[in-house]
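Visitor: Hi, I'm new to this one. Could you walk me through it?

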Amino acid sequence: MIRYFTAGESHGPQLTGIVEGIPAGLSIHEGYIEQHLVRRQQGYGRGGRMAFEKDHAFFSSGVRFSKTTGAPITLSMINRAYEKDKDNWPVVMAAEGERGDVEKITLPRPGHADLVGLQKYRFDDIRPVIERSSARETAMRVACCSVARKFLLDLGIEIGGHVIQIGSVGYESWEQIRSTADPVYEKGAENLYRESDLSEVRCLDPNLSEKMRDEIMVKRKEGTSLGGVYEIIVTGLPPGLGSYVQWDRKLDGQLAQAILSTQAMKGVEIGLGFESGRRHGHAVHDEITYNAGFRRRTNRAGGIEGGMTTGMPVIIRGVMKPIPTMLKPLQTADIESGIEQETRYERSDVCALPRAVVVAESVIAPVLANALLEKFGGDSMNEIRERYLESDES
Ligand SMILES: Cc1cc2nc3c(=O)[nH]c(=O)nc-3n(C[C@H](O)[C@H](O)[C@H](O)COP(=O)(O)O)c2cc1C
């Protein structure tokens, strides 16, 4: 079973990840991981530093001559912020010694983990909460999950995502999304991300992209922020991954957990999702046909029925709330004095949704890889390939 852990603070020296359970013999390069890390850094709606330095994760265990060994994989990533501000962060984030005159952060930001994190861990300074709850952590998540993503890719399973809504701008219907996106991922979902990456907001429709950009620009000027909805597609999955027999083996539930555990995600839909509650049954369920094998005319279930893959593309949506750090302040209260006042502005994105697409594509990969390993098993890629490709399922 594949598991991963991330460690590290936003302004600490580095982020670290350990990925356990990847079979031996998977071909993997740091460059493969870097391409998704760089995608995570790009997108319209970023604040300030548009010219960023590329994130790069390097292996220090579990990979030898560009092949996994089956041992735990350690990934490390230097935090540029720490490197660049050597007079400040090594002092503020020092692992040893006393606090000295390092300033305490005492104004909790609404919409962040600040206030509850402070109450929970009984800190007198919000700094440790900010540092670990920050979405900087998603960089290491993308790195760790990209290893599982490569595992899937080598078995012909592709993942790709696109933005379908930013603020009030989006597609009008499920059918409109399907007619735009389905032809793009027909030959594999990697085409979907390649195509949507051409848009700064990761939207396939050029007119909508333009409107989304305008919406972000308007909200930036107003000093506020925006969220939205993305859709992730997975192609090449065999039928029967997951199970209906026990709650924690249901694949839709596992996928939802992976998405919802990502910073700022507030909801998940599979297939038609919430729209299915507004339709009658005949406009929701996918009829079964038979022609030298079972087929579906539609895929409104989003490739999952009874907690198991149907063999159709998996369609998952996630909704992201607007970023909580905004130029126009929100009201808060100082944790020491209780005096109500306004939040202070720090550099922040206006809309991180295009970047969050890459995180969502990544976090579902270990879930799907585990479902595949559970069904077909194996300790090495050769063994898995034999079992999987020689089964009727692939
Ligand atoms: C890719 C990504 C980038 C983000 N960038 C920012 C940001 O620049 N500023 C900010 O205030 N929140 C940002 N967030 C959102 C916060 O991390 C999130 O709202 C906060 O951690 C609270 O998480 P919760 O809503 O899941 O409780 C970002 C989230 C993601 C996924």
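Guide: Happy to. One term to start with: Ala, Val, Leu, Ile, Met, Phe, Trp, Tyr, Cys and Pro count as nonpolar, Asp, Glu, Lys and Arg as charged, and the others, Gly among them, as polar. By that scheme, the lining of the second largest pocket has ten nonpolar, five polar and five charged residues. Bear in mind that this is a predicted model.

Visitor: Okay, and what volume does the second largest pocket have?

Guide: The volume of the second largest pocket is about 550 Å³. It is lined by 20 residues, and Met1, Ile2, Gln257, Val367 and Asn370 are the closest to its centre.

Visitor: Which elements give two or more residues to that lining?

Guide: Those are strand E1 (3-7), helix H10 (251-260) and helix H12 (365-376). H12 gives the most, with six residues.

Visitor: Let's switch to the ligand. Which residues come nearest?

Guide: There are 16 residues around the ligand, and His112, Ala264, Lys321, Thr325 and Ser348 come nearest. The shell as a whole divides into six nonpolar, six polar and four charged residues.

Visitor: What about Ser348, how far is its side chain from a nitrogen of the ligand?

Guide: An N or O atom in the Ser348 side chain lies 2.8 Å from a nitrogen atom of the ligand. With Lys266, a side-chain N or O atom is 3.1 Å from an oxygen atom of the ligand. Asp349 takes part through its backbone, where a polar atom sits 3.2 Å from a ligand oxygen.

Visitor: And how much of the ligand does the protein bury?

Guide: The protein buries 85% of the 640 Å² that the ligand exposes when taken alone.

Visitor: New topic: how many cavities of 30 Å³ or more are there?

Guide: There is one cavity of 30 Å³ or more. The largest cavity holds about 50 Å³ of space. Its lining is made of Arg109, Pro324, Thr325, Met326, Thr343, Arg344, Tyr345 and Glu346. Those residues divide into three nonpolar, two polar and three charged.

Visitor: Last one, zooming out: how many helices and strands does the protein have?

Guide: The protein has 13 helices and 17 strands. Its radius of gyration is 22 Å, close to the 21 Å from the globule rule for 394 residues, so the protein is as compact as a globular protein of that length. Along the principal axes, the C-alpha atoms fill a box of roughly 75 × 50 × 40 Å.

Note on methods
Residues are numbered from 1 along each chain as its sequence is written. This is a predicted model: local features need pLDDT of at least 70, side-chain atom pairs count only at pLDDT 80 or more; totals for chains, interfaces and linings use all residues. Side-chain values use heavy atoms; hydrogens and water are left out. On a 1 Å grid over the protein atoms alone, a cavity is a set of points where a 1.4 Å probe fits but cannot get out, and a pocket is an open set with protein on both sides within 12 Å along at least five of seven lines; lining residues have an atom within 4 Å of a point. Grid points are joined across faces, edges and corners, and a volume is the space filled by probe spheres set on the points. A residue is near a molecule or strand if one of its heavy atoms lies within 4 Å of it. A polar contact is a pair of N or O atoms within 3.5 Å; within protein, one must be able to donate a hydrogen and the other to accept it, and residues adjacent in sequence count only if both atoms are side-chain atoms. Accessible areas come from the Shrake-Rupley method with a 1.4 Å probe; for residues, only the protein chains shown count as cover. Helices (H or I, at least four residues) and strands (E, at least two) are DSSP runs, numbered from the N terminus. The radius of gyration is taken over C-alpha atoms; the globule rule is 2.2 Å times the number of residues to the power 0.38.
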